[in-house]
Amino acid sequence: MTAYLITSVSVVGAAPADLLIRDGVVAAVGPGLTAPDATVVDGTGLVALPGLVDLHTHLREPGREDAETVESGSRAAALGGYTAVCAMANTSPVADTAGVVEQVWRLGREAGLVDVQPIGAVTVGLAGERLAELGAMADSAARVRIFSDDGHCVADPKLMRRALEYVKAFDGIIAQHAEEPRLTEGAQMHEGEVSTRLGLIGWPAVAEEAIIARDVLLAEHVGGRLHVCHVSTAGSVEVLRQAKARGVRVTAEVTPHHLLLTDVKAETYDPVFKVNPPLRTAADITALRAALADGVIDVIATDHAPHAVEDKECEWAYARPGMLGLETALSIALDVLGPEWDLIAERMSRTPARIAGLTGHGVDPAPGVPANLTLIDPAARRTIEPAELASRSRNTPYARMTLPGRIVATFLRGEPTVLDGKAVK
Ligand SMILES: [Zn+2]
């Protein structure tokens, strides 16, 4: 194995030091390190963070390889500073059996760019009618611990209760897409002033908040672990704040786009801004940012949702909801939070790794730690050009926006997946 000596790099915002990687682990961190056999990477001005971990990625394989593959999504993730991603189950076929989750897990290992941890479906075919083979997926080679019908809400309270109970046997988690379906029938965007003005059917905040309120009570009742996907409203934050104060075993994520963009974007009728849950209001953004800072929201997760051109570049009403996220998440976090490196490491690496149980990820670079890390140039600014993204899809809401920060290098178990800002393979 090769050795890498990263010189004068700030580890999670600390004073610059040298960082030596050898045989897949961080061998040393300190001033004035020498290693004649090592490849030198000039880390001057760069910040090293533990490799980012995404709890919510849609890789689209199997089934929609025209939109993304495990390999192309893995490359996008590495370029975004990620060393591990959790792959959502709404593929075709659905990842609701040991066979499909093992297939995704194997494809991830073959690509070798990030660790791909499959998420299993909660219900067969995401149909919300009967539980999938949760135990078989947990026992499979993929060792599934997080289950989600994401894209759909597990709306039936009895099924949700049974799922929360069932996964306790292996300390699993149910990740809920909180959307009361009866309250969002035909919805096209956030229900509010803008939807009224545009004459579009609204997706009310209460449709999310009602499910989160129900689910934290169910999780509390059975003592199970609940994770709430893509929290998008101020009211949801208050429900979560109360549940956490009572000791309910609940964690929550927010997406980069819900931290930055508002429902006013719908005025453009550009379907690139159509997403589920929808972009909300400035007041919601303020509450979400505060919750991220105070820990009521535990992690930033991308909800990276690639879509083929024909599914996205059409009339707003017919466009699929979803946005790319992996290659821009760190820049949005930097834009929203500022250079708060410890907070960024906590919300984008340490905590998501802990929630997903990904050993070796989410650990700050220190001697003996697996060398899963990323190097960021915080002073760089880059203009997002959709055609330059590694994702197979182009549906980024940040096209031609200039964002702070650039990923310079990413290492997975001591081997670079990204160097000089470019994918190694
Ligand atoms: Zn979702």
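**Ground rules.** Residues count from 1 along each chain as its sequence is written, and side-chain values use heavy atoms, without hydrogens and water. As the model is predicted, local features need pLDDT of at least 70, side-chain atom pairs count only at pLDDT 80 or more, and totals for chains, interfaces and linings use all residues.

D150 sits in the loop between β9 (146–148) and α4 (157–166), and H177, 27 residues apart from it, in the loop between β10 (173–176) and β11 (189–190). Helices (H or I, at least four residues) and strands (E, at least two) are DSSP runs, numbered from the N terminus.

D150 is buried at 3% relative accessibility, and H177 is buried at 2%. Buried means under 20% relative accessible area, exposed over 50%, partly exposed in between (1.4 Å probe, protein chains only).

**S72.** I found S72 in helix α1 (residues 70–79). S72 is buried at 5%. Beyond neighbours within four places in sequence, S72 is in contact (heavy atoms within 4.5 Å) with A390 and R392.

**G45.** I placed G45 in the loop between β4 (39–42) and β5 (47–50). G45 is exposed, at 53% relative accessible area. Its C-alpha is separated by 6.7 Å from that of V9, 36 residues apart along the chain.
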